[in-house]
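Subject: Structure handover

Hello,

Here is the structure we talked about. Please look it over, then read the notes below.

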Amino acid sequence: MERKFRETHVNGIPTVIQEVGKFELGPLFGNAHVIKSKHGQIGKIKIREGLPPSIRRFIEEHEKYHIKDWESKSSWIMSEMKANMAAGLKEPVGFLHTTYLTISDSRRRNYYLKKLFNR
Ligand SMILES: [Zn+2]
């Protein structure tokens, strides 16, 4: 049986990477959160299952960057740009592939246009 959870460390933060079903994240391919507990910080990354390998690797790097960058006070657009830059340098094919899927998929395109222009 396929493992749905993987544990890693991102900048010393114990982080769980979970594969989730196609519909759980809506149009997103992944998301990341840092949860603070009395035991310290825990990172949680969710990645849509079934993505092509280059995209999968790009999304994982992108979400790990959000964990590293969690304490920064960057705006949404700045943190996305930084995460895309960091992940795109490591996974350029995945970056291009993800960008292509985002502009060619109206659901994803509209999600990001809405966030960008706040309407
Ligand atoms: Zn992001």
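The axes of helix α3 (residues 92–104) and helix α4 (residues 106–117) come within 5 Å and cross at roughly 90 degrees. Axes here are lines fitted to C-alpha atoms, for helices over the stretch in contact, with angles from 0 to 180 degrees between N-to-C directions. So α3 is roughly perpendicular to α4 (65 to 115 degrees; under 35 is roughly parallel, over 145 roughly antiparallel, the rest oblique). On α3, Leu 101, Thr 102 and Ile 103 make the contact; on α4, Arg 108, Arg 109 and Tyr 112 do. Two residues are in contact if their C-beta atoms, placed from the backbone, lie within 7 Å.

Two points on the source. This is a predicted model: local features need pLDDT of at least 70, side-chain atom pairs count only at pLDDT 80 or more, and totals for chains, interfaces and linings use all residues. Residues are numbered from 1 along each chain as its sequence is written.

Helices (H or I, at least four residues) and strands (E, at least two) are DSSP runs, numbered from the N terminus.

Now the sheet. It is open, has 4 strands in the order β1-β2-β4-β3, and its pairing is mixed. Strands pair if DSSP finds at least two bridges between them. β1 (5–10) and β3 (30–37) are the edge strands, each pairing on one side only. From one strand to the next, the twist averages 25 degrees.

β1 pairs with β2 (residues 13–20) in the antiparallel sense, over 6 bridges. Arg 6 has Ile 17 in β2 as its bridge partner. Thr 8 has Thr 15 in β2. The hairpin of β1 and β2 has 2 residues between the strands, and Asn 11 takes a positive phi near 50 degrees there.

Last, the largest nonpolar core. Such a core is a set of buried Ala, Val, Leu, Ile, Met, Phe, Trp, Tyr and Cys residues joined through C-beta atoms within 7 Å. Buried means 20 or more other C-beta atoms within 10 Å of a residue's own; exposed means 12 or fewer, and partly exposed lies in between. This core has 15 residues; Phe 29, Ile 45, Ile 47, Ile 55, Phe 58, Ile 59 and Ala 87 touch the most other members. β4 (40–48), α1 (53–68) and α2 (76–90) each supply at least two of its residues. The largest share, 5 residues, comes from α1.

Best wishes
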